[in-house]
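Q: I would like to learn how to read the features of a structure model, one at a time. Could we begin with how the parts of a chain meet?

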Amino acid sequence: MGQTDFSSHKALLIEDMAEARIMQKKMLTDFGFQSVDIAMKAETAIDLLKTQSFDLILSDYNLGNGKDGQQLLEEVRHSELIPNTATYLMVTAETSIEMVMGAIEFQPDGYITKPFSQALLQRRLSKLLEMKAKLKQVNLALDEKDFAKAIEEAYLVMEAHPSLEGKCLRTIGECYLEMQEYAQAKAIFSNVLKNRKMPWAVFGEARACFYLNQLEQSESKFRQLMIDNRFFVSAYDWLAKIKIAQQDHVAAQAILVEAIERSPKNLLRQMELGKLSSTIEDYETSELAFRRAVSLAKHSCYNNAEIYLKHLSTFVKLSEQNPLSSRQKETFQSTLKKIHQLFFDDPAVRAQTYSYETDIYLNIEDTNNAKNTLALWVRDVESGIALAPTNQQNKQYKLALEN
Amino acid sequence: MKKMDISTILASAIHESKNQVGTLLYQLQGVKETLPKNNLNEAKITVIEESLKKLNDEWVEYLYLYRLASNGYELHVDTFLLDEFLDDQVFALLTSANAKKLELSYHCDSQLTGTFDERLMTAVVGTAVYNALRFARSKIQIHATKEENFLVISIEDDGQGFNTAQEEDSPESNTGLGLYFAQLSANAHVCHDEEGYIEKQESTVLGGAKLAIYLPQ
């Protein structure tokens, strides 16, 4: 096997243990990578990935107290922080490999089990990059969201390299799902399943059924996936979607609560639970879910104002029912402060925040603070840094403050 | 005191030990880099390294064995080109074979593909080859073929064969445990209601022992 030329490649190494980090950095440098950047934890890696592009990400599964390597992978793939053309190699221990293999939805391009020698890593990397090179046109089309092209390219790759058939069929099925051609997608996945019960194909078929509104069929497939794969928590999210589609919001909430018990660090799932709990007017659960989302947001790709605003809005609802406890007030103030720090340059966010604040003061009959907040709002509107209250809001405030 | 499940405790103890072996291997790698090429201790260091690697692989085997036996192993199959899979296995085990002055090679059709759990089969092939290292006279071969609905991976040597030298295959012996592991691993592969299995045979190519692993496709 010829030596692969790594000199045009930039690598990002993510590893929390100093000893392994030094060793792996040396290995990558020896292979001749153009550059090797280092992150000691997932949060730092995200910051680096936001500002730079890498061809290879070598990440350990265990990354100390923060996010683990799988959560990092899911987040950066989901938010498209790394292109499909980049290679993600996960370093695992015997105990963590199950979590990685069981994730189904977002899998690394390859994995390597500790301990490994320099020669083995080099070999693994060469093979992976070779495989990615074969799939390059497919991945370029995926990055451009040209799914029809990706399907076409995948069929070509499959013909030239029969061993990549599984990967290609999976991509083809996923592309049909993206193009909302659900019957086509279902046909692809079902056909794979005739030969072998591959979890990714069951997952694809189950989603196609969901979009085709074959909800019961979809549910039974997701339940099957959950039984076969203990670590596939995403199946819960889909079951919750099915329950929502069937108008059974209470069942959906119970499913999400269970999923969160298994995997509490998933921000998007906390957001889902918060929104769902709001619709069934369970504002306590909603507040808790958004509170957790806020605390997860800081070092996440999904750090946006909506999370914080949703959290504030739950306090409006809570204060309609009962006076806020001092603990709740504190939490409210803490999230309020974060919005001020992070998102107050946005006039719409600023206006929305003022409106929630005013609503809460009115609900708890703190007229003074309500008036002060409104005054600040009016001042900011005049300086052009906040949107003005709507007519309806003005009417409502006037009415409330006159009493 | 509450009665504890001893096999679970042993499994986690093995896991701890395995991690320590991993750390030792890393440190040894560091030591190797500080030494000049062709120094007098090179052979000794290779022996230590090979022994640690084998120890690591054995711990892995025992961990999988524990999970297979307690139904805690989730099978994850994928489709592989056998040429690549076996090339990987030979690459990982070649130094151990060479250290014993044995030849190790693989033979299969370059287009042959198969669907199986890669980690499990890596451990099974490793176990079988380590075992063959003890009995082979000069060479060990790994073969892969397709027989009807089964992928057959076999490990063959030119030793005395199963019926004589390796008679000691009760589960207590090293060979017996390895065979048991191979059997559970094969059984875990199920496809269209057919279950995988192993067979102990005589090698028609090399005249010694042949362990054939049948995996349903």
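Q: How many residues of domain 1 of chain B are in contact with domain 2 of chain B?

A: Two residues are in contact if their C-beta atoms, placed from the backbone, lie within 7 Å. By that criterion, ten residues of domain 1 of chain B touch twelve residues of domain 2 of chain B. On the domain 1 side there are five nonpolar, one polar and four charged residues. The model is predicted, and local features need pLDDT of at least 70, side-chain atom pairs count only at pLDDT 80 or more, while totals for chains, interfaces and linings use all residues. Residues are numbered from 1 along each chain as its sequence is written, and chains are lettered from A and ligands numbered from 1 in the order in which they are written.

Q: How is a sheet read, and in what order do the strands of chain B stand?

A: Helices (H or I, at least four residues) and strands (E, at least two) are DSSP runs, numbered from the N terminus. Two strands pair if DSSP finds at least two bridges between them. In chain B, five strands make an open sheet of mixed pairing, ordered β2-β4-β5-β9-β8. β2 (103–108) and β8 (197–202) of chain B each have a single partner strand, so one side of each is left without a neighbour in the sheet. On average, neighbouring strands here are turned by 15° against each other, direction ignored. β8(B) pairs with β9 (residues 209–216) of chain B in the antiparallel sense over six bridges; B:K200 has B:L211 in β9(B) as its bridge partner.

Q: Which helices of chain B pack on that sheet or lie across its strands?

A: Axes are lines fitted to C-alpha atoms, for helices over the stretch in contact, and angles run from 0 to 180 degrees between N-to-C directions. Helix α3 (residues 82–99) of chain B packs on the sheet and touches β2 and β4 (139–147) of chain B, its direction making about 175° with that of β2(B). Helix α4 (residues 118–135) of chain B lies across β2, β4, β5 (150–157) and β9 of chain B, at about 25° to β5(B).

Q: Why does B:S203 count as buried?

A: A residue is buried if 20 or more other C-beta atoms lie within 10 Å of its own, exposed if 12 or fewer, and partly exposed in between, with C-beta atoms placed from the backbone. B:S203 has 22 C-beta neighbours inside 10 Å, so B:S203 is buried. B:S203 sits in the loop between β8 and β9 of chain B. Beyond its neighbours within four places in sequence, B:S203 is in contact with B:E156, B:D157, B:G208, B:A209 and B:K210. B:S203 and B:D158 are 45 residues apart in sequence, with 7.8 Å from C-alpha to C-alpha.

Q: What is the pairing in the open sheet of chain A?

A: That sheet has five strands in the order β2-β1-β3-β4-β5, and the pairing is parallel. β2 (35–39) and β5 (110–113) of chain A are the edge strands, each pairing on one side only. Neighbouring strands are turned by 20° against each other on average, direction ignored. Strands β3 (residues 56–60) and β4 (residues 87–92) of chain A run parallel and are joined by five bridges; the partner of A:S59 in β4(A) is A:M90.

Q: Which residues of helix α7 of chain A are buried?

A: An α-helix has 3.6 residues a turn, so residues three or four places apart point the same way. In α7(A), the buried residues are A:F147, A:A150, A:I151, A:E153 and A:A154. They pack against α6 (136–143) and α8 (165–178) of chain A.

Q: How many residues of chain A are in contact with chain B?

A: 20 residues of chain A are in contact with 22 residues of chain B. α1 (18–31), α4 (97–101), α5 (118–134) and α8 of chain A each supply at least two residues of the chain A side. That side has seven nonpolar, five polar and eight charged residues.

Terms used:
Nonpolar A, V, L, I, M, F, W, Y, C, P; charged D, E, K, R; others polar.
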